[in-house]
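Take a look at the structure below. The text then walks through it, starting where two chains meet.

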Amino acid sequence: MNAVFARPRAMTEQKTHYCPGCTHGIIHRMVAEVIDELGIREDTVGVAPVGCAVFLYNYLDIDMQESAHGRAPAVATGIKRVLPDRIVFTYQGDGDLASIGTAEIIHAAARGENITTVFVNNAIYGMTGGQMAPTTLPGQFTSTSKAGRNTQSAGFPIRVSEMLATLEGATYISRVSVHNPAHVIRAKKALLKAFTVQKQGLGFSMVEVLSTCPTNWGLKPTEALAWLEEKMIPYYPLDEVKNRLEV
Amino acid sequence: MRTLMKGNEAIGEAAVRAGCRCFFGYPITPQNEIPEYLSGRLPEAGGVFLQAESEIAAINMVFGAAGAGARVMTSSSGPGISLKQEGISFLAGAELPCVIVNIMRGGPGLGSIQPGQADYFQATRGGGHGDYRTIVLAPCSVQEMVDFTYWAFELADRYRSPVLVLADGVLGQLMEPVTLPPELKPDNGNKPWATTGCRGRKRNVIKSLYLNPEELEAHNKKLQEKFGLMQREVNRAEKYRVEDAETVLVAFGISARISMAAVEAVREEGIKAGLLRPITLWPFPEGILQSSLPKAKKVLVVEMSAGQMVEDVKLTVSGKLPVYFYGRTGGLLPSAEEIQTQIKLLEVKVSERSLCQA
């Protein structure tokens, strides 16, 4: 009998700690599949963020470091400069990457640091209990924007992919979503490209993945998927934002 | 062979000779000659020099490189070291070895770019959040800048811990002849815990998060045992004419050099003074200080701060002798003459003293 579906080699048997309907699990699995497909499990070092995905190292059967909040691109830089022939990636949420770690991600991209970043954007702080994030949409309700994000006082959400795409050092940047199977397949292809860019030594690569947080959005899992499609995608258009070398 | 070197450059060369091939830093006065020197020397030696976007990024690059098994160093001064504290706490929590150099300047805040010693508390109390300590080495000459940088790498690897070299702007800028140590081969081996890709072994995870309270307490106990081991094994201080001294000065770094001149001068006048110079500021050399007071009637602590190490001296002396303090701040150095005056004031009857007991 042929196996048609199995746990990727790069995944452990850890049971999920994520909330029902959270899409981190899908993204974790895609990263593991890409690692398997490129045959790089024993050559990869991952960097976990601060946030819900800090436990990434419980799920991936690879060498990993846990970073301080927002500093994953700096930590990854340290690893990659010491071990230039290894594959080094960061996995970061929007609070981690687009708020407290803004400087680190911009400069890693500007240096053309040959690392890959998986940027999971769910427009909210998940682990701390649903506070406003730099990516929270105008009018979106959070525990620190109870009347909805007021752009007069809280400003506007940041489109990180477009911002980083202006940097010469950024080689490949793509924004994808995981709200339905067709988009999951596209997201996987983008991740494969991003890791391939690094494997070929071509510079900085990042995939922004629009993701759900049903618990903190106050929605059922299915409603959360619909909210992502209806509200997030218009503000964060899905696109291969930059493919400098036509990978 | 003796070579004439500036303190900061000597630190850079000593690091390379200790097998360090990795430096991440950010410009700040008065330590700029360290990154400037290494920006040429490290690439030449096949190593990595990277000027980071910030002090915070630099210390986190150190974290990544240390976790990947490299001998790695960063350097800065007061304000920059404050920014690095987050990273130093994470390095201590994750038990990663590295060397951090602080060429101290005047504080608080932006303070000045002149020399100071007021980062003593920050250096010897851990500096960042959580229960941890780092070994702190205090050189007082360019030769010691070399020797202690070299030694710091060895200690960092032995204890899997960040080690601080705490000097000041005078020592950083000072030019003196030095003998350089032999060049060690860069050796990133024998670190089975490093994250290098899990070829032929189980995966390694470097982390400092333990959400389970029992696990975190066990981790803390393990760290505290290590700090206890450091306290037993790493104690160094220099004694100078303390055997018969009735007034024992305690000073470190450049203050100790000036204090030594003051001791010599008052000895000429028949005053029995001596000096104890702590070299390891943490662990504080309590035993060595206690054994330096056989004839002591009083202790005078001299620092370029408003009084920080004096607290450790008082804890060590434990009320058995009066402990006095003399300090200068603002980037000013205490002169040998000023210190002589302070020593002589202590000779005067207590009631007539203008000097405050610390």
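How many salt bridges does the rule find across the interface of chain A and chain B? The count is five. Keep in mind that this is a predicted model. One salt bridge joins the side chains of A:Asp43 and B:Arg199, with N and O 2.6 Å apart.

Now take the interface as a whole. On chain A, 36 residues are in contact with chain B, and 36 residues of chain B are in contact with chain A. About 2700 Å² is buried between the two chains. Carbon and sulfur atoms give 57% of that area. Polar contacts are found too: 18 residue pairs across the interface, both residues at pLDDT 80 or more.

Which elements of chain A supply the side that touches chain B? Among them are strand 1 (44–48), strand 2 (63–66), helix 2 (56–59), helix 3 (72–82) and helix 5 (102–110), each with at least two residues. Helix 3 of chain A gives the most, with seven residues. Sorted by class, this side of chain A has 14 nonpolar, 13 charged and nine polar residues.

Strand 2 of chain A pairs with strand 9 of chain B, residues 205–206. The sense is parallel, and there are two bridges. Here A:Met64 stands opposite B:Val205.

Eight strands form it, in the order 7(A)-5(A)-6(A)-4(A)-3(A)-1(A)-2(A)-9(B). The sheet is open and its pairing is mixed.

Strand 5 of chain A, residues 170–177, is joined to strand 7 of chain A by three bridges. These two strands run antiparallel. Within this pairing, A:Ile173 stands opposite A:Lys242.

Finish with a single residue. A:Thr23 lies in the segment before helix 1 (24–38) of chain A. Is A:Thr23 buried or exposed? Its relative accessibility is 2%, so A:Thr23 counts as buried; the cut-off is under 20%. Leaving out residues up to four places away in sequence, A:Thr23 touches A:Val178, A:Ser211, A:Thr212 and A:Leu225.

Definitions and conventions
Residues numbered from 1 in each chain as written. Chains lettered and ligands numbered in written order. Predicted model: local features only at pLDDT ≥ 70, side-chain atom pairs only at ≥ 80, totals over all residues. Heavy atoms only, no water. Contact = heavy atoms within 4.5 Å. Buried area = accessible area lost by both parts, 1.4 Å probe. Salt bridge = Lys/Arg side-chain N within 4 Å of Asp/Glu carboxyl O. Polar contact = N/O pair within 3.5 Å; in protein donor to acceptor, adjacent residues only side chain to side chain. Helix = DSSP H or I, 4+ residues; strand = E, 2+ residues; numbered from the N terminus. Nonpolar A, V, L, I, M, F, W, Y, C, P; charged D, E, K, R; others polar. Pairing = 2+ DSSP bridges. Buried < 20%, exposed > 50% of the residue type's maximum accessible area, 1.4 Å probe, protein only.
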